[in-house]
Amino acid sequence: MLETNRYSVINIRRYLNSDNPKLGESRLLQVLSGFSCLRNPDVERFLKKSSVEFTKKNQSVTYLVFDISSMVLVGYFTLALKPLTVRGETVSNTVKKKLLRVSEWDEKSDTYTMSAYLIAQLGKNFTSGADQKITGEELLALAWDKIKEIQYLGGGVVTFLEAENEEKLLSFYRDNRFSQFDTRQTASDTDEAHELVQLLRLL
């Protein structure tokens with residue numbers, strides 16, 4: 001059971017939209033500078049280099065997670081609303097029925113296209129043992145709770161994420177009720193293309 005009173009989840013807009021000198025963008029950048037994740041440099045790079053601009057442009061929103069007892073930054077997650085296409089052959093009939101409520105179904109290709117919530121980033125802070133103050137399950141549960149709040153206000157059924165094809169990581173998401181439905185090849189001008197596993201969970 002997640003003890004939500006142990007953590008404070010802060011939308012970075014609270015910093016960006018504030019005139020309070022104790023907040024503001026400069027203070028936010030100072031907070032972000034204390035985050036490290038050597039296990040996954042992309043997670044650290046996104047937080048420090050992209051999260052602020054993405055939030056300003058409404059491409060995604062990043063939430064910082066603090067341990068209340070120490071107010072140490074223990075992790076973060078980033079949420080976005082994205083178009084998603086699911087092939088019917090990859091999901092059960094029960095899932096198909098739920099997808100039909102919120103999607104455009106192409107009978108010829110048997111694909112379901114909809115808007116879905118994306119957990120775009122999820123990462124723990126490994127600076128000075130901060131990662132010991134929260135588990136991966138707790139961090140994911142906080143992201144899920146935030147999605148449920150958004151869904152209450154605006155509807156929707158599907159949440160998805162993309163993960164590296166590593167069994168330990170995929171097992172973690174399966175244990176947290178995400179199911180694989182497809183794979184995707186990354187496209188980047190700078191990095192070598194590789195395969196990501198796509199997983200979904202219904203609200």
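## Aromatic pairs

F35 and Y76 are both buried in this predicted model, and their rings form an edge-to-face aromatic pair, with 5.4 Å centre to centre and 80° between the planes. This pair links distant parts of the chain, since F35 sits in the loop between α2 and α3 (41-56) while Y76 belongs to strand β3, 41 residues apart.

A search of the whole structure finds seven aromatic pairs, and ring pairs link W144, F172, Y173 and F178 into a cluster. The face of W144 also has R201 lying over it, at 3.8 Å from the ring centre.

## Nonpolar cores

The largest nonpolar core comprises 25 residues, and those with the most contacts inside it are V65, F77, I119, L122, Y173, F178 and L199. Elements giving two or more residues to this core include β2 (61-67), β3 (72-87), β5 (111-124) and β8 (195-202), but α5 gives the most, with six residues. Apart from this core lies another, of 16 residues, among them L28, V43, F46 and L47.

Within the largest core, I119 is one of the residues with the most contacts; leaving aside residues up to four places away in sequence, I119 touches T78, L79, L140, A143, I147, T159, F160, L161 and F178.

## The loop around S18

S18 lies in the loop between α1 (13-16) and α2 (24-32), where a polar atom of the S18 side chain lies 2.9 Å from the backbone nitrogen of N20. Not counting residues up to four places away in sequence, S18 touches L23 and G24.

Technical notes
Residues are numbered from 1 along each chain as its sequence is written. This is a predicted model: local features need pLDDT of at least 70, side-chain atom pairs count only at pLDDT 80 or more; totals for chains, interfaces and linings use all residues. Side-chain values use heavy atoms; hydrogens and water are left out. Helices (H or I, at least four residues) and strands (E, at least two) are DSSP runs, numbered from the N terminus. A polar contact is a pair of N or O atoms within 3.5 Å; within protein, one must be able to donate a hydrogen and the other to accept it, and residues adjacent in sequence count only if both atoms are side-chain atoms. Contact means heavy atoms within 4.5 Å. A nonpolar core is a set of buried Ala, Val, Leu, Ile, Met, Phe, Trp, Tyr and Cys residues joined through side-chain atoms within 4.5 Å. Buried means under 20% relative accessible area, exposed over 50%, partly exposed in between (1.4 Å probe, protein chains only). Rings of Phe, Tyr and Trp (its six-membered ring) pair if their centres lie within 6.5 Å; planes under 30 degrees apart count as stacked, over 60 as edge-to-face and the rest as tilted. A charge sits over a ring if NZ of Lys or CZ of Arg is within 6 Å of the ring centre and within 35 degrees of the ring normal.
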